[in-house]
Amino acid sequence: MTIDAQVLPTPAGPLSLLVHGEVLVAAGFTADPGEMFARLSPALRALPLRVVDDLGKPAEAVRNYLDGDLFALDALPVEQPGTPTRQRLLTALRAVPAGTTVSYAELAERAGLPRTGARAAGSACAQNLIAPFVPCHRVLPQGGGFGGYYYGPHVKEWLLKHERAL
């Protein structure tokens with residue numbers, strides 16, 4: 001078994017995708033899939049990383065998303081580590097449709113937490129390993145602006161404009 005990776009060009013910068021079997025385990029805006037590989041669980045990091053020319057469905061989904069099918073990323077299976085609360089937050093995050101945004105407090109509520117769970121929602125976004133498939137870019141601070149984004153606010157802004165959420 002290996003972790004297979006592909007780097008795709010996007011208008012927001014190179015996007016690295018990492019797959020284990022048929023499941024996307026990491027994605028992020030970097031030209032170096034090794035950066036994403038280093039963030040995987042120890043069990044996955046024990047597997048060899050292999051860069052391939054075409055990952056198939058994940059790469060096709062990205063191309064379709066960039067071509068305007070804003071829901072193309074939604075159907076792919078994804079998996080990342082986390083506590084049960086973190087998993088509920090990531091599930092709620094993945095359910096935020098393209099073209100919309102939520103606040104951190106709204107995300108917490110959608111995951112069954114009180115609005116005061118906004119900090120936990122922010123932490124789940126910050127630790128998200130599978131952007132933009134798990135769309136942490138769709139969470140904005142209630143006070144305005146873009147807030148933080150692991151790959152830079154310019155990438156978050158590009159994604160939101162692409163999805164016509166701004």
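Select E109 first: it is partly exposed, with a relative accessible area of 41%. Here buried means under 20% relative accessible area, exposed over 50%, and partly exposed in between (1.4 Å probe, protein chains only). E109 and R115 form a salt bridge, their closest N and O atoms lying 3.0 Å apart. The term stands for a side-chain nitrogen of Lys or Arg within 4 Å of a carboxyl oxygen of Asp or Glu. Side chains of opposite charge can pair when their charged atoms come close.

Before going on, note that this is a predicted model, in which local features need pLDDT of at least 70, side-chain atom pairs count only at pLDDT 80 or more, and totals for chains, interfaces and linings use all residues. Residues are numbered from 1 along each chain as its sequence is written, and side-chain values use heavy atoms, with hydrogens and water left out.

**Other salt bridges**

The structure holds four salt bridges. For another of them, select E163 and R138, where the closest N and O atoms are 2.9 Å apart. E163 sits in the segment after α7 and R138 in the loop between α6 (118-127) and β6 (139-140), so this pair ties together parts that are 25 residues apart in sequence. Helices (H or I, at least four residues) and strands (E, at least two) are DSSP runs, numbered from the N terminus. Both E163 and R138 are buried.

Now select K161 and E157, a salt bridge with 3.0 Å between the closest N and O atoms. K161 and E157 are separated by about one helical turn, because they are four residues apart in helix α7. E157 is partly exposed, at 27% relative accessibility.

**H162**

Stay on helix α7 (residues 153-162) and select H162, which is found in it. Is H162 buried or exposed? H162 is buried, with a relative accessible area of 15%. Which residues is H162 in contact with, leaving aside its neighbours within four places in sequence? They are Y65, L66, G68 and L70; contact means heavy atoms within 4.5 Å. Show the backbone of Y65 as well: the side chain of H162 reaches the backbone oxygen of Y65 at 2.8 Å.

**The two domains**

Colour residues 3-67 as domain 1 and residues 84-163 as domain 2. These bounds come from an automatic or database domain assignment. Their contact takes 16 residues from domain 1 and 17 residues from domain 2. The C-alpha centres of domain 1 and domain 2 lie 20 Å apart.

The area buried between domain 1 and domain 2 is about 1,400 Å², with carbon and sulfur atoms giving 67% of it. Buried area is the accessible area (1.4 Å probe) that two parts lose on being put together, summed over both. In domain 1, select F29, R39 and Y65: these lose the most area to domain 2, together 49% of what that side buries.

Across this interface of domain 1 and domain 2, the rule finds zero salt bridges. It does find five residue pairs in polar contact there (both at pLDDT 80 or more). A polar contact is a pair of N or O atoms within 3.5 Å; within protein, one must be able to donate a hydrogen and the other to accept it, and residues adjacent in sequence count only if both atoms are side-chain atoms.

Finally, select β2 (15-20), β3 (23-28) and α3 (57-66), each of which supplies at least two residues of the side of domain 1 that touches domain 2. On that side of domain 1, β3 gives the most, with five residues.
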